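Here's a quick tour of some side chains and who they pair up with. Have a look at the sequence and the model first, then read on.

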Amino acid sequence: MRTLRNFLGRKLNDIRLKQKLILLYSVCGLLPALILSVILLIGTHDRLLSLTNSQIYSDNQANRSTLSAVTNMAHAVSKILSSDERLSYLISTEFETEEDVFTAYREFSLPDDFTHNYAEIADIKVYIDNPSLVASNRYQLIDVSTRGASWYQALEKSNSDSCWVYDSSLSHDAHLHLIKEVIVPQTKQYAILIISVSDNYLSSINTNRQQTTYISLENGPIFFSTTKERIGQTLVLDII
């Protein structure tokens with residue numbers, strides 16, 4: 001009987017010793033490894049977050065720079081077009097035949113030149129207050145429906161000779177447009193230039209971006225996005 005008690009006592013001592021060794025191993029081995037793993041995970045997370053934020057900031061600055069260059073170029077193009085005497089001729093001349101009209105269109109070749117040579121420009125349309133003209137793909141007459149258009153109303157409300165508008169109906173490859181009014185002082189007749197910024201050009205710049213891109217002017221609708229369904233929506237940002 002005493003031998004059995006001694007045997008059981010030794011076994012219990014062995015079990016307690018194993019438990020102590022396991023506990024000691026856990027405290028001295030596993031716990032530091034766990035703490036080190038957590039530290040490494042946090043450090044990796046912080047580095048990845050920092051890299052992502054840096055990339056987003058870099059993409060943001062690139063898009064800002066591109067948008068600034070494109071809008072400045074559109075304004076420069078509008079000034080060149082509006083100061084051309086051939087446009088003034090189209091606005092103020094009473095044409096007798098359609099042949100004369102289309103001859104004048106061909107002679108005012110700058111809109112074609114700009115759209116063909118500048119990838120940033122999707123299209124240039126010219127609306128003219130001259131009933132003797134003939135409507136074409138590029139040239140349109142200003143009438144009641146024109147004056148009721150949202151972009152026309154935006155120009156009137158801007159109290160300026162130019163403004164930027166979002167519109168999905170003016171071009172198949174653009175949602176952002178510069179609207180520029182051109183007045184001939186002698187006759188008070190006028191034209192409106194619409195210079196459309198190319199979506200394809202903006203898309204080519206954002207092709208390799210990993211993050212979703214939204215571009216809008218001030219607080220206006222999104223006119224370009226790598227997520228097409230967001231175009232036309234208002235971008236709401238929570239500022240903390």
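Let's start with Phe102 and Tyr105: they sit 3 residues apart in helix α3 (residues 98-107), so about one helical turn separates them. Helices here are DSSP runs of H or I with at least four residues, strands are E runs of at least two, and both are numbered from the N terminus. Keep in mind that this is a predicted model, where local features need pLDDT of at least 70, side-chain atom pairs count only at pLDDT 80 or more, and totals for chains, interfaces and linings use all residues. Residues are numbered from 1 along each chain as its sequence is written, and side-chain values use heavy atoms, with hydrogens and water left out.

**Aromatic rings**

- Rings of Phe, Tyr and Trp (its six-membered ring) pair if their centres lie within 6.5 Å; planes under 30 degrees apart are stacked, over 60 edge-to-face, and the rest tilted.
- That rule gives a count of 6 aromatic pairs.
- Phe102 and Tyr105 are edge-to-face, because their ring centres are 5.6 Å apart and their planes stand at 90°.
- Is Tyr105 buried or exposed? Tyr105 is buried, with a relative accessible area of 7%, while Phe102 is partly exposed at 30% (buried means under 20% relative accessible area, exposed over 50%, partly exposed in between, using a 1.4 Å probe and protein chains only).
- Tyr105 also stacks with Tyr139, at 4.0 Å centre to centre and 5° between the planes.
- Put together, ring pairs make a cluster of Phe102, Tyr105 and Tyr139.

**Salt bridges**

- Side chains of opposite charge can pair when their charged atoms come close.
- A salt bridge needs a side-chain nitrogen of Lys or Arg within 4 Å of a carboxyl oxygen of Asp or Glu, and the count comes to 5.
- Asp112 and Arg138 form one of them, at 2.6 Å from N to O.
- Asp112 lies in helix α4 (residues 110-117) and Arg138 in the loop between β1 (121-128) and β2, so this pair ties together parts 26 residues apart in sequence.
- Arg138 is buried at 15% relative accessibility, whereas Asp112 is partly exposed at 30%.
- Arg138 also meets Asp123 in a salt bridge, 3.5 Å from N to O.
- Which residues end up in one network? Salt bridges with shared partners join Asp112, Asp123, Lys125 and Arg138.
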